[in-house]
Amino acid sequence: MNSAMEQDSGMFTVQSTIGSVLCCKCGILMQPNAANMCAKCLRSEIDITEGLQKSVTIIHCPECDTYLQPPRTWIKANLESKELLTFCVKKLKNLNTVRLVHAEFIWTEPHSKRIKVKLKVQKEVLNGAVLEQAFTVEYTVLDQMCDSCSRVQANPDQWVAAVQLRQHVSHRRTFFYLEQLILKHDAAKHAIRIQQMDQGIDFFFGKRSHALKFVDFVGKVSPVRSRNDKQLVSFDSKSNDYNYKYTFSVEISPVCREDLICLPPKLVNSLGNLGPIVLCTKVTNSIALLDPFTLRHCFLDADQYWRTSFKALLSSRQLVEYVVLDVEPVSSEVTVGGSRYILADAQVARVSDFGKNDTIFNVRTHLGHILNPGDNALGYDLYSANSNDIELDKYKGFSIPDVILVKKSYEERRQKKRGKARTWKLKSLNMEVDSTARGYNEEKISSEYEQFLRDLEENPDMRFNLSLYRNKEYQPSEMASSVADGDELPSIPLDELLADLDLSDVESNGDDDDSMTE
């Protein structure tokens with residue numbers, strides 16, 4: 001402010017200048033400092049990196065790509081990552097005698113077993129002068145397997161904890177969906193072995209904590225109940241050490257999406273006389289139930305379900321195909337649990353009855369928003385079904401509807417597209433399958449997997465939490481032919497698909513580019 005006032009008044013001001021001195025060693029002109037020496041002479045006289053390590057040995061596990069932090073901790077870190085840089089800097093001794101300013105990796109060959117880090121440090125020297133100096137530290141990488149990997153290499157069956165996932169139903173649709181959730185969240189990254197069983201999957205872990213974390217993950221995505229047990233393997237009386245093998249038995253609720261359920265009278269009363277005939281519309285860590293005649297709904301968490309457990313009256317494998325003859329909406333659109341429904345009265349006939357009889361059913365359905373005359377729909381045929389459900393027998397005088405429609409059917413349109421590749425694909429777990437085991441039927445499993453893929457195409461809510469990848473084998477010309485057909489089939493938009501990155505492809509492309517530049 002004073003200088004501005006002086007300029008306004010026109011006063012003469014003297015510009016302040018910084019003096020220069022000669023270096024006491026080499027005599028060059030320089031700005032004065034506490035040591036009266038230039039930077040080159042200071043570095044020649046004083047080495048602030050003296051006493052700091054220039055070469056360090058670190059231990060790396062090649063199987064799980066981890067580094068040993070003594071005494072027994074193994075840290076996961078990728079090459080040239082922030083975690084590895086932090087680990088390398090912390091390995092240096094006497095680094096607290098200087099001030100670290102900057103650290104960065106120097107490129108080395110990936111197979112050289114050497115990691116180089118360039119460090120820039122500062123230190124106060126000679127009468128308060130601050131000297132900055134850069135130096136390189138070379139880390140020698142020694143390969144040594146960690147305890148868990150060495151146990152696996154010695155004996156793959158030498159597991160510590162096993163998680164047995166089971167669901168007592170006649171299909172594997174739940175496990176197909178659960179497999180994709182596990183892959184997306186990388187929940188089974190610590191599993192040393194995965195084995196497919198008759199009614200479930202077994203996961204084997206090298207640590208009990210990894211098994212507990214996996215059980216906790218399964219409980220967050222599906223209604224389960226679990227119990228655990230342990231077996232003594234060995235005992236050292238001198239050191240008082242006990243070695244156990246732990247087993248976690250996890251049972252998933254047998255109720256699946258699209259199942260028809262007859263609720264127990266006790267549960268009906270607690271839910272305000274909902275049902276008793278309801279449809280299961282969604283299964284996460286809770287079960288969503290919908291009354292298809294009134295659009296009333298409820299959600300049961302795992303505790304509520306297992307307190308008054310029930311089974312399905314009919315499952316999705318017993319769905320029958322119907323032709324919709326007429327639809328008349330009777331209510332406005334209602335949103336239930338994120339899904340849209342409209343109550344409607346419909347006239348339907350079984351596809352198998354065409355040319356045999358003229359049986360027509362008048363039904364009330366919750367699918368009035370998607371059904372039109374001429375469409376096909378899948379539903380449960382209670383008119384000719386022979387059900388021996390104990391809960392249903394408790395409702396005396398209850399009139400059971402002839403038909404309950406569940407979803408729209410696209411089977412006729414799919415027949416025209418049969419054999420054509422999809423634009424997307426799914427990944428799968430590295431799972432051991434015993435084809436000679438009792439109850440194994442490869443044809444049945446492949447047909448259930450195909451039905452699971454169709455369900456993903458038809459239900460955006462179902463694929464919301466999954467990772468879908470672009471199929472490289474898909475030919476763009478097929479897309480044009482499908483558009484020309486004019487049939488509207490449920491499909492997955494390309495913006496929902498992820499690019500399936502293959503590192504080998506990237507390296508080969510990089511080599512091609514280098515050869516072209518040369």
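Where does Leu295 lie? Leu295 is in the loop between strand 16 (286–290) and strand 17. The model described here is predicted: local features require pLDDT of at least 70, side-chain atom pairs count only at pLDDT 80 or more, and totals for chains, interfaces and linings use all residues. Residues are numbered from 1 along each chain as its sequence is written, and side-chain values use heavy atoms, with hydrogens and water left out. Helices (H or I, at least four residues) and strands (E, at least two) are DSSP runs, numbered from the N terminus.

**Strand pairing**

- Strand 12 (residues 224–236) is paired with strand 13 (residues 241–252) in the antiparallel sense, over 12 bridges; two strands pair if DSSP finds at least two bridges between them.
- Within this pairing, Val250 of strand 13 stands opposite Ser226.
- The hairpin of strand 12 and strand 13 has 4 residues between the strands, and Asn240 takes a positive phi near 60° there.
- An open sheet of 5 strands runs in the order 17-16-15-14-18, with antiparallel pairing.
- Strand 17 (297–301) and strand 18 (312–314) are at the edges of this sheet with a single partner strand each, so one side of each is left without a neighbour in the sheet.
- On average, neighbouring strands of this sheet are turned by 45° against each other, direction ignored; the axes are lines fitted to C-alpha atoms, for helices over the stretch in contact, and angles run from 0 to 180 degrees between N-to-C directions.
- Strand 14 (residues 260–262) pairs with strand 18 over 2 bridges in the antiparallel sense, and Ala312 in strand 18 is the bridge partner of Ile261.

**Backbone features**

- Leu295 has a positive phi of about 65° although it is not a glycine.
- Leu295 is buried, at 9% relative accessible area; buried means under 20% relative accessible area, exposed over 50%, and partly exposed in between (1.4 Å probe, protein chains only).
- Glu258, in the loop between strand 13 and strand 14, has a phi near 75°, a positive value in a residue other than glycine.
- Glu258 is buried as well, with a relative accessible area of 7%.
- A cis peptide bond, with omega near 10°, leads from Pro70 to Pro71.
- Pro71 is found in the loop between strand 4 (66–69) and strand 5 (73–76).

**Salt bridges**

- The count comes to 21 salt bridges, each defined as a side-chain nitrogen of Lys or Arg within 4 Å of a carboxyl oxygen of Asp or Glu.
- One of them joins Asp143 and Lys113, with the closest N and O atoms 2.7 Å apart.
- Asp143 lies in strand 8 (residues 129–143) and Lys113 in the loop between strand 6 (99–106) and strand 7 (114–125), so the pair ties together parts that are 30 residues apart in sequence.
- Asp143 is partly exposed at 40% relative accessibility, and Lys113 is partly exposed at 36%.
- Glu333 forms a salt bridge with Arg340, in which the closest N and O atoms are 3.1 Å apart.
- Glu333 is partly exposed, with 42% relative accessibility, and Arg340 is partly exposed, with a relative accessible area of 44%.
- Lys407 and Asp455 meet through their side chains in a salt bridge of 3.4 Å, N to O.
- This pair links distant parts of the chain, 48 residues apart: Lys407 is in strand 25 (residues 403–409) and Asp455 in helix 11 (residues 442–458).
- Lys407 counts as buried at 11% relative accessibility, and Asp455 is buried with a relative accessible area of 0%.
- Salt bridges that share partners join Lys407 and Asp455 with Arg173, Arg257 and Glu258 into one network.

**Surface patch**

- Leu325, Val351, Phe354 and Ile360 form a nonpolar patch on the surface, with about 340 Å² of accessible area together.
- Patches are made of residues with over 30% relative accessible area and no salt bridge; like charges are joined within 9 Å, and nonpolar side chains (Val, Leu, Ile, Met, Phe, Trp, Tyr) within 5 Å.
- Accessible areas come from the Shrake-Rupley method with a 1.4 Å probe, and for residues only the protein chains shown count as cover.
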